[in-house]
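The following dialogue takes a new reader through one model.

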Amino acid sequence: MLVYIKKSHMAKKITNSKWYDIWERFKKGDTSAFEIIYNEHIDFLFNYGKSITANTQIIEDAVQDLFLYLLSKKDQITTPNYIQYYLLKAFKRILLEKIRTEKKSDTRIGDGIINFDFEIDTEGTTEKKIEERKIALIEDMIEKLDSKKKEVIFLRFQSGLSYAEISDIVGIQPSSAKQIVFRAISSFRKIIKDQIIEFLYLFYGHVSC
């Protein structure tokens, strides 16, 4: 079972320079630095994992294995340029290996191909709600995309990863990732018109260009 150590208030406000300092402190054995890294990434990693497999136990095991690895190798690992990218790529590798090894019947993967899927979370949008009909249309549009396109859109609007980093994780060219996002936004705009930016911020968080 996943355990939240102690919730940090730094959230997504942490800058790259501060993350560098936090990671360096973690490598030197600072427990509070490890708590920050763990708590500020666990939700995103778990949600990403749920988009790959419905087996939450495998996801939890993969998350725990990732952070146990970091603890055991903290004296050897280097400080990554972008921590979320580093953790996400390592987590995906561990998760897929567990899925292949255990071959659980309730996972959405076959022959090494991920059936990536995700849903729009409309909970907690009390200030600015999008009409249910528009949400249904967006969900229907996303559902018609293939797995790689869904994964690109998820990563682009759920993280601060660059197109180069996203393309490396998904296994496509950066130009292809950009094209997927551009076409998706163009399609969304036809439905929600001037609310496109509001929509993306509301459901996916801040979009970093």
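Q: With which residue does Lys89 form a salt bridge, and how far apart are the closest N and O atoms?

A: A salt bridge is a side-chain nitrogen of Lys or Arg within 4 Å of a carboxyl oxygen of Asp or Glu. Here Lys89 is paired with Asp168, and the closest N and O atoms are 2.5 Å apart. Lys89 lies in helix α4 (residues 83-102) and Asp168 in helix α7 (residues 163-170), so the pair ties together parts that are 79 residues apart in sequence. This is a predicted model, in which local features need pLDDT of at least 70 and side-chain atom pairs count only at pLDDT 80 or more, while totals for chains, interfaces and linings use all residues. Residues are numbered from 1 along each chain as its sequence is written, and side-chain values use heavy atoms, with hydrogens and water left out.

Q: Which helices and strands does the protein chain hold?

A: Helices (H or I, at least four residues) and strands (E, at least two) are DSSP runs, numbered from the N terminus. The protein chain has nine helices and two strands. Their order from the N terminus is α-α-α-α-β-β-α-α-α-α-α.

Q: How many salt bridges does the structure hold?

A: The structure holds four salt bridges. Among them is that of Glu151 with Lys92, where the closest N and O atoms are 2.8 Å apart. Because Glu151 lies in helix α6 (residues 147-158) and Lys92 in helix α4, this pair ties together parts 59 residues apart in sequence. Another joins the side chains of Asp30 and Arg25, at 3.1 Å from N to O.

Q: Are Glu151 and Lys92 buried or exposed?

A: Buried means under 20% relative accessible area, exposed over 50%, and partly exposed in between (1.4 Å probe, protein chains only). Both Glu151 and Lys92 are buried. Lys89, by contrast, is partly exposed at 35%, and Asp168 is partly exposed at 37%. Asp30 is also partly exposed, with a relative accessible area of 26%, as is Arg25 at 34%. In the protein chain, buried residues make up 45% of the 209 residues.

Q: At what angle do helices α2 and α4 pack?

A: Axes are lines fitted to C-alpha atoms, for helices over the stretch in contact, and angles run from 0 to 180 degrees between N-to-C directions. Helix α2 (residues 31-50) packs against α4 at about 45°, with the axes 11 Å apart. Angles under 35 degrees count as roughly parallel, over 145 as roughly antiparallel, 65 to 115 as roughly perpendicular and the rest as oblique. The pair α2 and α4 is therefore oblique.

Q: Which residues of α2 and α4 meet?

A: Contact means heavy atoms within 4.5 Å. From α2, the residues are Ile37, His41, Phe44, Leu45, Tyr48 and Gly49, and they meet Ile83, Gln84, Leu87, Leu88, Phe91, Lys92 and Leu95 in α4.

Q: Where does Phe67 lie, and which residues does Phe67 touch?

A: Phe67 lies in helix α3 (residues 56-72). With a relative accessible area of 2%, Phe67 is buried. Not counting residues up to four places away in sequence, Phe67 touches Phe34, Ile37, Tyr38 and Leu45. Phe67 and Phe91 are 24 residues apart in sequence, and their C-alpha atoms are 9.2 Å apart in space.
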